[in-house]
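Here is a note to go with the coordinates, written as numbered points. Please read it with the structure open.

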Amino acid sequence: MGGRDIYRLYHRMADSVPPASYKDVQTSVEVPVDASSTTATKKEKKAKPSNIVIPPKKPKLSKAERRALQEAQRAAKAASGGGGKPSGISSDKGNKSSKGKDGASSATSKNDVTKRAPEEKKRRDSIDGDGHDNKSGSGEDKMVSLFSHLPRPKAPVELHNQLSSISSSATSSNNNNTQQQIHPAISTLGHLYLTHSLLGGNTRCRAMLQTFALLLQSYTPPSTTRDYRHDLDHNVLKPAFQYWTTQSRPHSVSMGNAFSFLKLAVANLDRELDWNDARQILLESMEAYVTERIEYAGKAISRHAGSKIQDQGDVILVFGKSEVINRLLLDAALVDKKKFRVIVVDARPLLEGRDTLEILSRAGISCTYVLLNALSYLMMREVTKVFLGASALMSNGSVLSRVGTACVALLANSNHIPVLVGCETYKICNRVQLESITSNELGDAEEVACTDCARLRPSNQWSEIMESRNNNGGEEKKNEDDVLSDWKDQPNLKLLNLMYDLTPSDFVTGIVTEVGILPPSSVAVLLREMSPDSQFKTYTA
């Protein structure tokens with residue numbers, strides 16, 4: 001069929017359509033509406049009435065103001081009888097007289113709340129983030145908002161008063177009121193933790209296990225208990241550990257691992273075993289834990305890391321104070337008779353490096369003492385190796401240590417200087433941490449403000465400052481020469497005292513443990529091998 005045939009067929013089909021269908025088609029077509037009219041109707045619908053007033057945005061309240069507002073709301077709820085609806089709102093079933101009475105009562109309660117709110121706000125504003133009285137009365141929260149999720153440090157004054165009250169009433173304590181009374185050894189150790197009289201993961205862990213040994217020696221299971229293991233765990237071990245964590249300082253990773261080992265040792269005791277025999281097993285297990293995981297581990301780390309020190313000419317840099325690093329340097333100098341020089345880098349406010357300087361100087365080791373701000377000058381000129389301690393070792397190879405350690409490792413890595421971290425395997429944590437913000441510990445901001453005492457007193461004598469504060473009724477006498485003595489009166493000044501920082505595994509050359517010198521990527525393997533169950537089996541075998 002050609003093109004002409006198709007054309008003829010098309011015209012025949014068009015002629016076959018009746019005329020009525022044209023009319024139907026024409027009537028079914030709608031007339032298009034003008035677009036301008038539709039937009040006008042839409043604008044009329046969207047137009048807002050002129051009598052509506054948009055309220056302004058509420059101002060952002062501070063934490064103290066929010067607390068005062070919450071207290072005011074609680075007081076209003078308590079005054080209205082608590083529970084259900086507010087007193088000024090009644091249901092439809094109630095009569096008008098009851099509604100009037102409720103309105104009157106709500107008005108009176110609101111008046112009381114408005115009177116109490118300024119007093120409550122003033123009382124809360126008079127307490128700063130560290131638990132001390134804020135005499136400036138500015139009402140400004142001195143906590144850095146980036147670290148506001150961390151628990152605030154405890155006030156030494158409150159713990160000192162609590163310690164005095166517990167010590168005076170401890171002579172009358174017995175097994176019947178174990179849950180109400182706290183053993184004086186528990187509160188004493190908490191006071192030592194809080195005042196920084198005990199610093200370092202190994203020192204704190206030893207003190208905790210020694211206190212647990214003292215508690216076990218003075219504990220006798222009640223005659224009414226069916227299982228002394230449950231009573232020992234819930235009435236002796238857990239309350240003590242929770243007291244140290246909540247009332248003094250957050251526990252370290254070493255303390256947490258040692259406490260988990262002790263709980264596992266208690267759970268593995270035979271239920272029918274006599275308590276005296278069970279006590280002896282627990283005491284021997286704790287003693288073996290300290291001997292093998294701390295003492296022998298330190299000797300092994302000293303032997304492994306000492307092989308990396310040359311016989312002569314090495315310049316070793318250390319930061320702060322670490323028990324295992326000090327032992328390493330002493331063994332290299334006194335036992336192996338190696339000649340080297342040590343640069344001790346220190347930082348405020350604890351200034352733990354002065355203790356390291358004193359220990360090494362008495363042993364006849366040549367030392368240089370500098371602060372952290374002079375590190376870049378020394379690192380580029382003469383340092384050959386860097387030895388650092390660790391508070392914890394994360395499963396991803398990151399190192400948690402005293403704040404300032406990450407700066408030292410970063411600078412050493414940029415200058416191609418090897419960084420060796422000495423850490424016992426019982427400090428390995430199964431947690432993965434990538435930064436120092438999510439999980440950390442806050443110290444007392446007054447330690448940063450007290451610049452004069454930091455220069456004159458050794459790092460382990462911060463408790464003397466707290467004692468002087470206690471003798472003055474919770475206030476330390478301000479020194480006019482102290483630059484930061486009036487830091488609370490400055491409206492835009494906030495002090496931050498972080499205890500730890502995290503060193504990424506990229507900045508660490510090797511990790512020295514009692515197993516050997518390992519790369520940071522092998523920490524996960526050590527964590528699997530050093531499980532608490534296998535540790536307890538080796539100690540009791």
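1. Overall content. The model is predicted. The protein holds 20 helices and 10 strands. Of its 541 residues, 41% are buried. Counting contacts between residues at least 6 apart in sequence, 79% join residues at least 24 apart. The accessible surface is about 30600 Å², and carbon and sulfur atoms account for 53% of that area.

2. α9 against α10. Helix α9 covers residues 228–248 and helix α10 covers residues 253–267; they pack at about 170 degrees with 10 Å between their axes. That angle makes α9 roughly antiparallel to α10, and the crossing is right-handed. On the α9 side the contact is made by R229, L232, D233, L237, K238 and F241, and on the α10 side by M255, G256, F259, L262, K263, V266 and A267. By class, the residues of this contact are 8 nonpolar, 1 polar and 4 charged.

3. α10 against α11. The packing angle between α10 and helix α11 (residues 275–306) is about 150 degrees, and the axes are 10 Å apart. The limit for roughly antiparallel is an angle over 145 degrees, so α10 and α11 are roughly antiparallel to each other. This crossing, too, is right-handed. From α10, the residues N257, A258, F261, L262, A265 and V266 meet L282, S285, M286 and Y289 of α11. The contact divides into 8 nonpolar and 2 polar residues, with no charged ones. L262 and V266 take part in the contact with α9 and also in the one with α11.

4. L273 sits in the loop between α10 and α11. Its relative accessible area is 25%, so L273 is partly exposed. Beyond its neighbours within four places in sequence, L273 is in contact with Y228, A278 and I281.

5. α12 against α13. The crossing is right-handed. N326, L329 and L330 of α12 make the contact with T356, I359 and L360 of α13. Its residues are 4 nonpolar and 2 polar, with no charged residue.

6. The cis peptide bond. The bond from R348 to P349 is cis, with omega near 5 degrees. P349 belongs to the loop between β2 (339–346) and α13. I would check this bond in the viewer together with the loop.

7. α7 and the residue after it. Helix α7 (residues 184–194) is mostly covered, with 8 of its 11 residues buried. The buried residues are A185, I186, S187, L189, G190, H191, Y193 and L194. Just after the helix, H196 takes a positive phi of about 65 degrees, although H196 is not a glycine. H196 is in the loop between α7 and α8 (201–217). With a relative accessibility of 5%, H196 counts as buried.

8. H416. Is this residue buried or exposed? H416 has a relative accessible area of 74% and is therefore exposed. H416 is another residue other than glycine with a positive phi, near 60 degrees. Its place is in the loop between α15 (405–414) and β7 (419–422).

9. D314. This aspartate is found in strand β1 (residues 312–319). At a relative accessible area of 3%, D314 is buried, since buried means under 20%. Not counting residues up to four places away in sequence, D314 touches K308, I309, K339, F340, R341, T384 and K385. T384 is 70 residues from D314 along the chain, and the C-alpha atoms of the two are separated by 6.1 Å.

Conventions: Residues numbered from 1 in each chain as written. Predicted model: local features only at pLDDT ≥ 70, side-chain atom pairs only at ≥ 80, totals over all residues. Heavy atoms only, no water. Helix = DSSP H or I, 4+ residues; strand = E, 2+ residues; numbered from the N terminus. Buried < 20%, exposed > 50% of the residue type's maximum accessible area, 1.4 Å probe, protein only. Contact = heavy atoms within 4.5 Å. Areas by Shrake-Rupley, 256 points an atom, 1.4 Å probe, with all protein chains shown as cover. Axes fitted to C-alpha atoms, helices over the stretch in contact; angles between N-to-C directions. Parallel < 35°, antiparallel > 145°, perpendicular 65-115°, else oblique. Left-handed = near helix turned anticlockwise from the far one by under 90°. Nonpolar A, V, L, I, M, F, W, Y, C, P; charged D, E, K, R; others polar.
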